[in-house]
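Hi everyone, thanks for coming. Please take a look at the structure on the screen, and I'll walk you through a few parts of it.

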Amino acid sequence: VTFHLGARSIGLLSLMATESNKGTPIFMAHGILDAVVPYNFGKLSSESLNSNGYRINFKTYNTLPHSLNAEELQDLAQFLKDVIPDV
């Protein structure tokens with residue numbers, strides 16, 4: 001999901017935020033070297049969600065372009081292990 005960070009979109013986020021979906025942990029990751037989606041957009045998106053009560057786990061990757069790497073996959077796997085209860 002991509003959030004445009006203009007005033008209208010942030011207002012829309014506030015309207016869409018509900019107690020039921022605020023409880024869902026969110027993993028977000030972004031590479032500093034991303035030439036497609038600027039890093040700052042990802043960081044501002046996570047901050048906007050966080051300020052609206054969402055539980056954000058935001059990871060920054062200093063050498064990552066617009067792709068993923070083993071470190072990000074490991075972080076995502078750990079995040080899923082942490083948030084999905086054992087059955």
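Let's begin with helix α4, residues 70–83: its 14 residues reach 20 Å from the first C-alpha to the last, close to the 20 Å expected at 1.5 Å a residue. That expected span is 1.5 Å times one less than the number of residues. Helices here are DSSP runs of H or I with at least four residues, strands are E runs of at least two, and both are numbered from the N terminus.

A quick word on the source: this is a predicted model, where local features need pLDDT of at least 70, side-chain atom pairs count only at pLDDT 80 or more, and totals for chains, interfaces and linings use all residues. Residues are numbered from 1 along each chain as its sequence is written, and side-chain values use heavy atoms, leaving out hydrogens and water.

After α3 comes G53, with a positive phi near 95°.

Next, the strands: β1 (residues 26–31) and β2 (residues 56–61) pair in the parallel sense over six bridges, where pairing takes at least two DSSP bridges. Across from G31 you'll find Y61 of β2.

Finally, meet M28. Its contacts (heavy atoms within 4.5 Å) include G42, L49 and F58, not counting residues up to four places away in sequence.
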